[in-house]
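Please look over the model below before reading on.

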Amino acid sequence: MSLIDRVSERSTKMLTRSNDPVTLEEFGALLARGNGGGKTRSGVMMGPQRALGIPAWSRGVNYLTHSVCFSPVHTYRERLGGEREERANPQWVKAPDADLTFAQLVEGWMMALLHRGNAYSFKVRNEVGQVVGLRPLLPHRVKPGRTLDGRKVFQVDGRNDIAYTAREILHIPGLSYDGVIGLDPISVHVETLGRIAAADEFASREFGDGFHMTAYLQVPGALTPQQATDLATNAKALHSGLQNAHELGVIGNGAELKTLSLNPEQLQLLESRKYGTIEVAQILGVPPHKLYNLDRATFSNIEQQSIEAVADGVKPWAERIEDCVANDPDLNVAGNCQEFDLENLMRGDLAGQMDAYSKGVSGGILMASEPRKRLRLPYVEGSDVLLQPLNMTPVGPDATPADAAPPEGAQP
């Protein structure tokens, strides 16, 4: 019988404690599991708030969240032939809710996805039924499901008498088996995160409660408390401080100075905590150097690792949000979509960036106005043209330049 069944049975049948006791630890584990996470084998209660107390997890979550939410958002419309036209952002992007920017909305989505596996927003409509805003919903208050005909439905705490549908609530699921309910990352990795948190807590307890005396005076025979205090004061005056370094000191009454050595590596669990950073990096999908672990980073590969962090870590989250928003008919008309501009995160050094722009313009890929716009330089009249090198000709023996005269007898 599961713990939930036991608690339910005790509440209905009023079982006595002697028949089927439910301990406080079990109740704590049940509550923690309901909020994401639970009690781990290492003895640490793990949940979203506790996970944020792990420095590596907090740094990784900050990196992914801020990389997505602070990237510019553009609205595009697909045209025939694959051409795309940039359009003005809709109202729910410009101002999702009162005193809420789109960056703050996406920040909430990312935090919910990384800690709960699902993100939700209530659709705010105007008088004619158009969606003009998105109001964040705390993920632990929403329970998603699916009806027999395949439609998504949602139960919201406090409104159990109402079953909301996708018309009222935007749902962005994380990694999922069925596309309906995203997996809770904290619950999936609860043991790993609990082990990392336990190592941190053990180090703290060792500093707070451990035996850290570095030296002591050994005196033959018994001493009164006053004699011990006087002897310690004299020893401190003779040997402590920079001014007494390398000085010859003498302590009477047969006292002998004994020193103790500690192993900082064992005391601070350095290797264990470094390994915990690697594990968090694996869970979040970001290179360790983004969590400020530079053991494997070099000046020759740090730039490439930064690009990989965006491609493998940031971009999938941005595309997940883009996909859910683009396929919601209440947010976009057919053919419209929103995209995060991640180019600034993918940029290399200035020399490489300028070289790429130069090749793009000279090769006819970019108009001269595009790099200037990205570099936030003033617009130059006449720069909205594509340039073509003069020495370029069509490929193949039968190819004819577009501006050459047609062969004799050919139809115009």
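1. Start with what covers the buried residues of H12: the list includes helix H4 (55-69), helix H5 (91-94), helix H6 (102-115), strand S10 (169-173), strand S13 (336-340) and helix H13 (343-346). Helices (H or I, at least four residues) and strands (E, at least two) are DSSP runs, numbered from the N terminus. Contact means heavy atoms within 4.5 Å.

2. This is a predicted model, where local features need pLDDT of at least 70, side-chain atom pairs count only at pLDDT 80 or more, and totals for chains, interfaces and linings use all residues. Residues are numbered from 1 along each chain as its sequence is written, and side-chain values use heavy atoms, leaving out hydrogens and water.

3. H12 covers residues 302-326, 25 residues in total.

4. H12 has a kink of about 40° at Val314, shortly before the proline Pro316. The bend at a residue is the angle between axes fitted to the seven residues ending there and the seven starting there.

5. Val314 is also among the buried residues of H12, including Gly313 and Trp317. Buried means under 20% relative accessible area, exposed over 50%, partly exposed in between (1.4 Å probe, protein chains only).

6. Ser67 sits in helix H4. Its relative accessibility is 8%, so Ser67 counts as buried. Leaving aside residues up to four places away in sequence, Ser67 touches Asn62, Val314, Leu342 and Leu345.

7. Asp99 is in the loop between H5 and H6. Asp99 is not a glycine, yet has a positive phi of about 60°. Asp99 counts as exposed, at 82% relative accessibility.

Methods. Expected span 1.5 Å × (residues − 1).
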